[in-house]
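This briefing concerns the structure shown below and is arranged by topic. Please keep the sequence and the coordinates in view while reading.

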Amino acid sequence: MAAEKKQWWREAAVYQIYPRSFQDSTGSGEGDIRGIISRLDYLCRLGIDVIWLSPVYESPMVDNGYDISDYERINPLFGSMEDFELLLKSAHQRGIKIVMDLVVNHTSDKHPWFIESRSSRNNPKRDWYIWRDGYAGDPPNKMGSVFSGSAWQYDEPGGQFYLHFFAREQPDLNWDNPQVRDAVYSMMKRWFDKGVDGFRMDVINMISKFPQVLASNGGPGASMSNGPEAHEYLREMNREVLSHYDIMTVGEMPGVTVDEAKKYAADDGSELNMVFQFEHMELDNDPRLGKWAPRRYRLHDLKAVLGKWQCGLYGSAWNSLYWNNHDQPRVVSRFGDDSTEEYRVKSAKMLAACLYLMRGTPFIYQGEELGMTNVPLEKIEDCRDIEIFNAYRELVEEKKLLGPKQFMEAVKKRGRDNARTPMQWDISPNSGFTAGKPWIPVNPNYQTINAASQVDDPLSVFGFYRELIRLRKTNPVIVYGDYELLFGDDERSFIYRRRYEDKELLVICNFTRESIVDIDFSVLNLDNGSLLITNYDEAEIMNDRLLPWETRVLLFSV
Ligand code: TEU
């Protein structure tokens with residue numbers, strides 16, 4: 001039995017804000033920091049403890065702030081440093097912590113470090129980035145970027161190629177250079193000294209590059225994650241910076257395995273507090289074309305992946321729990337049912353109960369608590385995301401692997417812009433997000449799906465999220481219990497049990513729009529449990545069946 005330490009960040013519920021799309025206070029069409037301040041009471045109402053703020057630093061916004069040109073200034077689009085300090089103070093006054101986004105695998109190509117580095121081969125900052133010679137005008141190898149095309153970009157006047165795992169405007173820093181690490185650590189300390197409560201670390205398991213991969217032909221499958229010094233650098237960061245503050249850290253880690261995560265997020269506190277893993281976000285990928293040719297996922301695989309992480313980290317490391325963020329389509333459209341209003345509400349609640357009653361720290365993405373859906377992105381002109389534009393160029397225009405219609409079908413299902421449309425506050429023009437013209441159009445369904453119609457309604461999706469967060473705070477079994485899957489072979493239901501001290505929690509979910517009548521629930525002794533929460537009327541639910549998209553959560557004393 002793991003008697004892990006009680007930590008505030010294990011008990012907290014986190015809410016992610018994507019600043020550009022949350023609340024505009026000036027009429028510019030872009031969300032901003034003062035807008036966030038004006039909505040803090042809404043977040044208090046929801047009951048969250050921590051805000052993870054996607055990047056608000058100075059940036060040319062090629063990748064919406066994940067391309068940073070100054071780590072210590074606020075993007076004027078979002079406000080000023082005074083505004084940020086006011087946000088920090090106003091959040092703290094309400095007992096809400098602020099976690100910033102740390103994007104240090106790469107900078108913007110407009111960052112002064114890169115401008116110096118690229119200026120000549122013998123500039124003192126040349127080695128702050130990763131430069132290689134090409135071969136007869138071709139890149140050093142065939143390594144591809146996550147955002148399509150080569151991971152190498154030729155650059156004058158040095159006449160070499162630089163490495164970029166993401167867009168060409170996002171050159172990768174050379175973490176093997178101790179000066180780079182020092183500069184990052186000092187910058188982090190200055191944010192902590194200002195009072196921020198932690199960092200979400202962007203692709204932090206990609207900072208250490210495999211020398212043999214950079215030197216090889218780098219074809220498909222070339223490994224970008226979990227390089228040889230990744231743990232060493234995070235331990236160093238922990239010693240130099242993190243261990244000196246009472247903060248929380250979460251590492252975003254594409255390609256992380258359970259075994260790696262046991263080190264990255266070890267209970268001994270030597271690296272980070274927890275990681276974001278991607279496995280459950282890839283179950284609907286095509287083996288070859290990935291997210292650009294999505295296919296139906298199998299519930300069996302979802303259960304297997306989530307269960308693997310629940311059991312794999314038990315007793316040695318800590319999980320994060322998420323369905324959504326600014327890179328993922330809306331979960332109700334992906335694993336739930338947005339075809340009718342009734343099923344949208346039911347399945348959004350079911351999905352929330354299913355995941356956020358597991359072991360780990362929940363991360364709720366803005367609008368998820370309203371059951372916001374995917375967006376009808378019909379044409380490429382409806383999109384704003386560089387990942388979509390680059391993939392279109394490569395897969396449709398250059399390689400002709402997909403037709404334009406086929407590609408847009410994939411974008412509708414999986415494109416990141418699904419998550420990036422403005423927050424739906426009320427039924428006023430542009431959903432109350434802006435008095436101007438929004439940088440990306442509001443989802444037309446805001447007349448039906450909006451915060452104003454939900455905040456006072458306990459039966460709304462918002463009311464359900466609020467209640468789930470409250471239940472986590474009042475039932476230690478939700479935070480600290482173990483995990484056991486029940487009826488594992490059933491392809492329609494997701495049922496699991498948690499145990500802690502003298503309590504047992506039973507979470508029952510129907511992942512279909514049909515009633516399930518042929519499971520023998522008698523072994524569960526449902527009559528002995530007390531009902532904590534459900535998405536139906538208490539009078540409607542029955543012990544011999546599950547209703548469409550039903551969830552029901554019971555607490556037992558043992
Ligand atoms: O995302 C990392 C990442 O791997 C994503 O690009 C994801 O794999 C992709 O969207 C799925 O197709 C982080 C940020 O969350 C993302 O917004 C940034 O674009 C990216 O890093 C580069 O900083």
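**Structural briefing**

Gln-328 lies in the loop that runs between β12 (320–322) and α11 (331–334). The model discussed here is predicted.

**Gln-328 and its surroundings**

- Gln-328 counts as buried because its relative accessibility is 6%, and the limit for a buried residue is under 20%.
- The side chain of Gln-328 is joined to that of Arg-334 by a polar contact of 3.0 Å.
- With residues up to four places away in sequence not counted, Gln-328 touches Phe-278, Met-281, Trp-323, Arg-334 and Ala-419.

**The ligand site**

- There are 17 residues around the ligand, and those that come nearest are Asp-63, Asp-202, Lys-291, Asp-327 and Glu-387.
- In the side chain of Lys-291, an N or O atom is 2.8 Å from an oxygen atom of the ligand.
- For His-106, the distance from a side-chain N or O atom to an oxygen atom of the ligand is 2.9 Å.
- Arg-416 places a polar side-chain atom 3.0 Å from an oxygen atom of the ligand.
- On its own the ligand has 490 Å² of accessible area, of which the protein covers 92%.

**Nonpolar cores**

- The largest nonpolar core comprises 144 residues, and Met-188 and Phe-494 have the most contacts inside it.
- Helix α12 (residues 341–356) supplies the largest share of this core, with ten residues.
- Met-188 is in touch with Leu-102, Phe-199, Met-201, Met-237, Val-241 and Leu-242, when residues up to four places away in sequence are not counted.
- Another core, of 17 residues, lies apart from the largest one; Ile-130, Met-143, Val-203 and Met-206 are among its members.

**The sheet β6-β8-β7**

- Three strands make up an open sheet in the order β6-β8-β7, with antiparallel pairing.
- The strands β6 (131–132) and β7 stand at the edges and have a single partner strand each, so one side of each is left without a neighbour in the sheet.
- Strand β7 (residues 152–155) is joined to strand β8 (residues 160–163) by four bridges, and the two run antiparallel.
- Between β6 and β8, which also run antiparallel, there are two bridges.
- Phe-161 in β8 is the bridge partner of Tyr-154, and Arg-132 stands opposite Phe-161 as well.
- In a regular strand, side chains alternate between the two faces of the sheet.

**The β7–β8 hairpin turn**

- β7 and β8 form a hairpin with four residues between them, and in the turn Gly-159 has a positive phi of about 70°.
- Pro-157 is located in the loop between β7 and β8.
- The peptide bond that leads from Glu-156 to Pro-157 is cis, with omega near 0°.

**The loop between β17 and β18**

- Asn-543 is found in the loop between β17 (530–534) and β18 (551–557).
- Asn-543 counts as partly exposed because its relative accessibility is 39%, and this class lies between the limits of 20% and 50%.
- Two polar contacts involve the side chain of Asn-543: one with the side chain of Asp-527 at 2.7 Å, and one with the side chain of Arg-552 at 3.3 Å.
- If neighbours within four places in sequence are left aside, Asn-543 is in contact with Phe-521, Leu-526, Asp-527 and Arg-552.
- Asn-543 and Asp-197 are 346 residues apart along the chain, and their C-alpha atoms are separated by 45 Å.
- Trp-549 also has its place in the loop between β17 and β18.
- Although Trp-549 is not a glycine, its phi is positive, at about 55°.
- Trp-549 is buried, since its relative accessible area is 5%.

**Phe-487**

- Phe-487 is found in the loop between β14 (484–486) and β15 (493–500).
- The phi of Phe-487 is near 50°, a positive value in a residue other than glycine.
- With a relative accessible area of 26%, Phe-487 is partly exposed.

Methods:
Residues numbered from 1 in each chain as written. Predicted model: local features only at pLDDT ≥ 70, side-chain atom pairs only at ≥ 80, totals over all residues. Heavy atoms only, no water. Core = buried A, V, L, I, M, F, W, Y, C linked by side-chain atoms within 4.5 Å. Buried < 20%, exposed > 50% of the residue type's maximum accessible area, 1.4 Å probe, protein only. Contact = heavy atoms within 4.5 Å. Polar contact = N/O pair within 3.5 Å; in protein donor to acceptor, adjacent residues only side chain to side chain. Pairing = 2+ DSSP bridges. Near = heavy atom within 4 Å. Areas by Shrake-Rupley, 256 points an atom, 1.4 Å probe, with all protein chains shown as cover.
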